[in-house]
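Subject: Structure handover

Hello,

Here is the structure for you to look over. My notes follow below it.

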Amino acid sequence: MANISDVVRLSGVSKSTVSRVINNYPHISNEKKELVLKAMEELNYTPNLSARRLRGQATTTIGIIVPRIVNPFFSYLVDAIEKAGYQQGYQTLFCQSNEDKEKELTFLNLLKTKQADGIIMTSIENDWEVIKPYTEHGPIVFCNEYVSEANVSMIRLDQYQGAYMGVKHLIERGHRKIAYCTGGLFTEFGKDKDRNRGYQRALEEAGITVNPSWVLVNQHTIEDGKRVMKQILEMNDRPTAVFTGSDEIAGGLMIAAKEHGISIPGDLAIIGFDDQPVAEMLDPGLTTIRQPVDQIGKKAMEVLVEHLNNPDLVPATYELPVELIIRKST
């Protein structure tokens, strides 16, 4: 009995193109479509997606693991990945880890059970040694994450440069008392270690010593930003500026600042990270580090499909640029 690999060989096109024809996806040239349909007819091949899943064969489905879909950055990232996958003939399955290690492993099991062809991880909760065995069951691509020892393709941003640019901008505006909000821990091995180093380097170049009281870890949400503002107001020695790990945190800080009569940027300058649409809508507009989310998502899907079409492809790291967007909050 013929299978999809036979169709690929006879038609002379890629597996993803055959999948797109089978699933009636648009944007396929008539020439390629004719080749696939002719091969299917000659082989008497009729696809049965349910049966294929039960047999543990390819599913034309990509899994995307995100920490929190309510974070707009990840919402836009998933949107970009899904659109790129659709163009390639793949469906996408969204999985929310909530930064839970066990949940993350449950989703990685989709590779083992052949419910997904490959996985794009936009965050990483487990150590690489725990994740590594899953690569035997299908390709994994790290997106928006970087692990030096990992043997998978990665799409990363220069987080070090992003933090360095942001903090240097605050220093150039005359600030020397600069607080730092990070989603990880302030350690050499924390998940935000590159940003940590960028923050430290900018301060060191200016002859400024890190004040531990102004380093606020495990901050992620708008509510976290509100709490950080409260902490700052309770300090005897307050910072005059805050570099935050996301526009969400920055937004929470700005909301709380208004409630307490704190002028932005007069009393406190604030800079975000991501350049989500809300950054322009805040009052004043939020200075932030722009991450090219559409490019990240598109590239992640392109690279994963390349690995699916060529299992012997050598993993590679692709770095995309970040950019300082200056608005009125600094």
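Start with H169, which is buried at a relative accessible area of 5%. Please keep in mind that this is a predicted model. H169 sits in helix α8, residues 159–172. Beyond its neighbours within four places in sequence, H169 is in contact with T287, L324, I326 and T330.

H307 belongs to helix α13, residues 293–309. H307 counts as buried, at 10% relative accessibility. Its contacts, neighbours within four places aside, are P139, V141, S153, L313, V314 and P315. H307 and N44 are 263 residues apart along the chain, and their C-alpha atoms are separated by 29 Å.

Now the overall picture. The protein has 13 helices and twelve strands. Its C-alpha trace spans about 80 × 40 × 30 Å along the principal axes. There are 330 residues, and 52% of them are buried. Take the contacts between residues at least 6 apart in sequence: 69% of these join residues at least 24 apart. The accessible surface is about 15600 Å². Carbon and sulfur atoms account for 48% of that surface. On charge, there are 36 positive and 43 negative. The mean positions of the two sets are 2 Å apart.

N71 is in the loop between β1 (61–66) and α5 (72–87). Is N71 buried or exposed? Its relative accessible area is 7%, under the 20% cut-off, so N71 is buried. Not counting residues up to four places away in sequence, N71 touches E248 and Q276. With Q276 there is a polar contact, side chain to side chain, at 3.3 Å.

E248 leads on to helix α11, where it is one of the buried residues. Ten of the 13 residues are buried, so α11 is largely enclosed by the rest of the structure. Besides E248, the buried residues of α11 include D247, I249, L253 and M254. After α11 comes G261, with a positive phi near 70°.

Last, some backbone points to check. Most residues other than glycine have a negative phi, and most peptide bonds are trans.

- I264 to P265: the peptide bond is cis, with omega near 5°. P265 is in the loop between α11 and β9 (269–274).
- D283 to P284: this bond is also cis, with omega about 0°. P284 lies in the loop between α12 (278–281) and β10 (287–290).
- E99: phi is positive, about 60°, although E99 is not a glycine. E99 lies in the loop between β2 (91–96) and α6 (101–112). It is partly exposed, with a relative accessible area of 29%.
- D274: phi is positive, about 125°, and D274 is not a glycine either. D274 is in strand β9. It is buried, with a relative accessible area of 6%.

Best wishes

Note on methods: Residues are numbered from 1 along each chain as its sequence is written. Side-chain values use heavy atoms; hydrogens and water are left out. Helices (H or I, at least four residues) and strands (E, at least two) are DSSP runs, numbered from the N terminus. Buried means under 20% relative accessible area, exposed over 50%, partly exposed in between (1.4 Å probe, protein chains only). Contact means heavy atoms within 4.5 Å. Accessible areas come from the Shrake-Rupley method with a 1.4 Å probe; for residues, only the protein chains shown count as cover. Lys and Arg count as positive and Asp and Glu as negative; His and the chain ends are not counted. The place of a charge is taken as NZ of Lys, CZ of Arg, CG of Asp or CD of Glu. A polar contact is a pair of N or O atoms within 3.5 Å; within protein, one must be able to donate a hydrogen and the other to accept it, and residues adjacent in sequence count only if both atoms are side-chain atoms.
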